Amino acid sequence: MKIFIAKDYNEMSRKAANIIAAQVIVKPDCVLGLATGSTPIGAYEELVKRYQAGDLDFSEVTSVNLDEYKGLPKENDQSYDYFMREHLFQHINMKASYLPDGMKEDAEEECRRYEELIQSLGGVDLQLLGLGHNGHIGFNEPAEIFEKETHCVDLQPSTIEANKRFFASADEVPKKAYTMGIQTIMRAKKILVVVSGADKADIVRDAFFGPVTPHVPASILQMHSDVTLIGDEAAMAKIPR
Ligand code: GLP
């Protein structure tokens, strides 16, 4: 695992954007796996700036997102589809972008469709990940086993609590979500994890330096051969030096 400790959120974002930009430059028709959450927003802003400056071209790039709430239409400003359009897609010339469809009633069929779509694109070249406070990646919540493929999850109370700041109340946070599975994520050729803030310091230590266990889903990333972890000093404060 490659580890970069950035001095602050801005430096973390620029470094993450450098890696994503490098991927797009060396393989212009790559498949990017993208993430939501507050952590990657700065990296997306950087990519938009570079596109606007004429330094990056996404015209052959396809993206697949990690997850989407079940039951939220794309027009809802809390859907991940909306988030991605607002922070990235509407500002750049991406060839095509996909997310799970939160409005599909038949969860099994939607999971199968999304998994097949990712495989049909030839898999993910570079997967960007944030890290949940409980160690979740995408919406793979702590569990007794690692769920392999795209599936529909019941969100944990702690995740609903963490995400309620974006909704009028905790009652309005969807209780289920579609997410790429652990195997789907682990099949990506390269993985880039971004973490920021002191509130992530414990989980960064546990996930990347503790035992590999489905109780900390991100810990499986220790088994991937090409992971880059970029964190600001606050998030990296508890890693062994
Ligand atoms: C959300 C997303 C994850 C994200 C995580 C951390 O629940 N499903 O993909 O990585 O929370 O979010 P943040 O970056 O805001 O801390």
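This is a predicted model: local features need pLDDT of at least 70, side-chain atom pairs count only at pLDDT 80 or more; totals for chains, interfaces and linings use all residues.

Reader: Which side chains lie 2.4 Å and 2.7 Å from an oxygen atom of the ligand?

Author: A polar contact is a pair of N or O atoms within 3.5 Å; within protein, one must be able to donate a hydrogen and the other to accept it, and residues adjacent in sequence count only if both atoms are side-chain atoms. T39 has a side-chain N or O atom 2.4 Å from a ligand oxygen. For K200, a polar side-chain atom lies 2.7 Å from a ligand oxygen. The protein buries 95% of the 400 Å² that the ligand exposes when taken alone. Accessible areas come from the Shrake-Rupley method with a 1.4 Å probe; for residues, only the protein chains shown count as cover.

Reader: Is T150 buried or exposed?

Author: Buried means under 20% relative accessible area, exposed over 50%, partly exposed in between (1.4 Å probe, protein chains only). T150 has 9%, so T150 is buried. Its side chain makes a polar contact of 2.6 Å with that of E115.

Reader: How many salt bridges does the structure hold?

Author: A salt bridge is a side-chain nitrogen of Lys or Arg within 4 Å of a carboxyl oxygen of Asp or Glu. The structure holds 18. One of them joins E110 and R113, at 2.7 Å from N to O. Both residues lie in helix α4, three residues apart, about one turn of the helix. Helices (H or I, at least four residues) and strands (E, at least two) are DSSP runs, numbered from the N terminus. E110 is buried at 2%, whereas R113 is partly exposed at 34%.

Reader: What does the salt bridge of R187 and E149 tie together?

Author: Their closest N and O atoms are 3.2 Å apart. R187 sits in the loop between α6 (182-186) and β9 (190-195), and E149 in the loop between β6 and β7, so the pair ties together parts 38 residues apart in sequence.

Conventions. Residues are numbered from 1 along each chain as its sequence is written. Side-chain values use heavy atoms; hydrogens and water are left out.
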